[in-house]
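Colleague: I am new to this one. Could you take me through it?
Modeller: Gladly. Here it is.

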2 protein chains.
Amino acid sequence: MGGDAGPTVALAGAEVALGRRPDLSFLLYGDAAAVEPLLQQHPKLKAVSTFQHCEVAVGMNDKPSQALRKGRYKSSMWRAIQAVRDGEADVAVSAGNTGALMAMSSFCLKMLPGIQRPAIAAIWPTLRGESIVLDVGATIGADAQLLTQFAIMGAAMAQCVFDLERPNVGLLNVGVEEIKGVEEVREAGRILREINHPGFAYHGFVEGDDIGRGVVDVVVTEGFAGNIALKTAEGTARQIAQYLRSAMSRSLLSKIGYLFARPAFNMVRDKMDPRKVNGGVFLGLNGMVIKSHGGTDAEGLASAIELAREMVHSNLLERIARDTVAGEAERAALAETNIKEVIPV
Amino acid sequence: MGGDAGPTVALAGAEVALGRRPDLSFLLYGDAAAVEPLLQQHPKLKAVSTFQHCEVAVGMNDKPSQALRKGRYKSSMWRAIQAVRDGEADVAVSAGNTGALMAMSSFCLKMLPGIQRPAIAAIWPTLRGESIVLDVGATIGADAQLLTQFAIMGAAMAQCVFDLERPNVGLLNVGVEEIKGVEEVREAGRILREINHPGFAYHGFVEGDDIGRGVVDVVVTEGFAGNIALKTAEGTARQIAQYLRSAMSRSLLSKIGYLFARPAFNMVRDKMDPRKVNGGVFLGLNGMVIKSHGGTDAEGLASAIELAREMVHSNLLERIARDTVAGEAERAALAETNIKEVIPV
């Protein structure tokens, strides 16, 4: 029921994903009056889906507390998450209200052992391919321990998405020198260096312009700075696209040039296409939830569903659970033997 | 002596600025062996300049503490700042080490009354023209009071640079709803709304993508998030430029298209040209200091010098001093009469 277009895009997207991944099957939650007529138009999807009517749908502008109050146990959003908790679904995908989805997911699924707070991981297009950036808005503020947990979870996701054995992880900071930045980030840097985790290589600090360069596979930060970085990058991309559009339509010559170079422009647009990397992955919860952009189309929603499928097939949850516990054990051992070096006061 | 190219660019830039603004005169501080031969090549500049030999130059990679230790009282950087303190210069411009420049400026000039910590303000190209973003890296973390001071200073600068009577000011946050974001930002929002400052109109929260849209004239944030936003935007712009370059050189057709559309491309490049908006303005100090990008050329340095001149001519310092005191007085009055509404605990 979520997203700007509701079930129209949700069903169309599911059918696109099914066309590419025939092993998919769906539990669909929503309002029967809205969904059932649409489902008739997607017979292939209908054949692999079970539809469940829900009286309540969470609104795109509901505050998380409102959504929980009116939608817990009975909304389409809640029931999709609950299906994950009860083992009926492997992963929940929603284009709905992010805050409500995170609140309900945390409430219903609970945290994985050893993880204090959840993170949303985004896939970011870079000059070298793609990187993962987390947290982009789930948890405002993070201490060194939480940043360490984000690093472990982001690395586990990079193993799954990019098929890397030991991805590089960087901490987002305001300078590459050891002395710079906030104390939590510096301390997280010391911990990550010390634990020398088998699941990833700690690269050190990275700055805002290193994200797009693809300097590391995983960029770790707390949710305030991460959300601002993500939105600023999206805004800058839109701004340049707008400049290009108006420059290209200004003179006859530039219009001719645009016609010749159109395939090249399309290639660039394709590279920056947010639909291709659609899907914020909720990490840290005891169950998989993927958030699609609310404004996406069927193609974008299909990307989010395929990303969800990939996370399930590559056992992201088990990897995180294993790596977190391993990391925690090592860190605890280190802290016991050499506490001053690991966590200076 | 600062910047990647040292006095070569500094002198060439000063001469470019002098060509456009014949009312300028310069106090030049640096190493005689490096500067004097170059100065011979710029007779017009030499005619309006006084050169002072300095034994020490701060290195681009010196830590602020190192720079202070070795360069206080005698380095070219210190002496340029000191000339401002002593009233010999109206403003200091440097392309040197940012951290050292901020440390020396704070140490030498001290803070303006009522301002706790300094900010660096950057001019950001937007779809609607330009905006000011502060702080982009001087002060990591800021409480509500400091964010309020940044708002007042940024608005005073916007009055000067954009010639606006009552610029719009927004607080950078992770969502536009009142409930979102960190407590300091929410509290600053409440204070800014309450004081209803004569020098600016408080717009509310803005998100990362609103910066490039030009939604407000002044975007206020603390230095960590501000620096990450600035660097991320720069990185994204470079990334797209790189995509465009490789796309345009991929096929004969796209190369032809590029030739036709070159003026359009140049227009876009021009809009995003960091040299045009070169100059980070140090705000909150009892004296004017402008930081130029270290990697800029003569044109970029000239922009920074012209920006410095504009700040002096429009009496930025006096405006800040006046607006801060006015704002503080109003805020204090408000806090007395209605403390719960202004600063909820």
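Modeller: Start with a term: buried means under 20% relative accessible area, exposed over 50%, and partly exposed in between (1.4 Å probe, protein chains only). This is a predicted model, where local features need pLDDT of at least 70, side-chain atom pairs count only at pLDDT 80 or more, and totals for chains, interfaces and linings use all residues. Residues are numbered from 1 along each chain as its sequence is written, chains are lettered from A and ligands numbered from 1 in the order in which they are written, and side-chain values use heavy atoms, with hydrogens and water left out.

Colleague: Why is B:Asp163 called exposed?
Modeller: Its relative accessible area is 69%. Exposed means over 50%, so B:Asp163 is exposed.

Colleague: Where does B:Asp163 lie?
Modeller: In the loop between helix 7 and strand 6 (168-172) of chain B. Helices (H or I, at least four residues) and strands (E, at least two) are DSSP runs, numbered from the N terminus.

Colleague: What is the phi of B:Asp163?
Modeller: Near 55°, a positive value in a residue other than glycine. Most residues other than glycine have a negative phi, and most peptide bonds are trans. A:Lys110 also has a positive phi, of about 65°, and is not a glycine. A:Lys110 sits in the loop between helix 6 and strand 4 (119-126) of chain A.

Colleague: Which peptide bond of chain A is cis, with omega near 0°?
Modeller: The one from A:Leu134 to A:Asp135. In chain B, the bond from B:Leu134 to B:Asp135 is cis, with omega near 0°.

Colleague: Why does B:Leu146 count as buried?
Modeller: Its relative accessibility is 4%. Buried means under 20%, so B:Leu146 counts as buried. It is in helix 7 (residues 144-162) of chain B. Not counting residues up to four places away in sequence, B:Leu146 touches B:Gln116, B:Arg117, B:Thr139 and B:Gly141. Contact means heavy atoms within 4.5 Å.

Colleague: How do you know what relation chain A has to chain B?
Modeller: Superpose them, by least squares on the C-alpha atoms of residues with pLDDT of at least 70 in both. A rotation of 180° with 0.0 Å of shift along its axis does it, at RMSD 0.0 Å. That is therefore the relation of a two-fold axis. In chain A, A:Gly257 comes closest to the rotation axis, at 1.9 Å (C-alpha).

Colleague: How many residues of chain A are in contact with chain B?
Modeller: 53, and they meet 53 residues of chain B. The two chains bury about 4800 Å² between them, 77% of it on carbon and sulfur atoms. Buried area is the accessible area (1.4 Å probe) that two parts lose on being put together, summed over both.

Colleague: What angle do helix 11 of chain A and helix 10 of chain B make?
Modeller: Helix 11 (residues 252-272) of chain A and helix 10 (residues 223-248) of chain B pack at about 145°, with axes 9 Å apart. Axes are lines fitted to C-alpha atoms, for helices over the stretch in contact, and angles run from 0 to 180 degrees between N-to-C directions.
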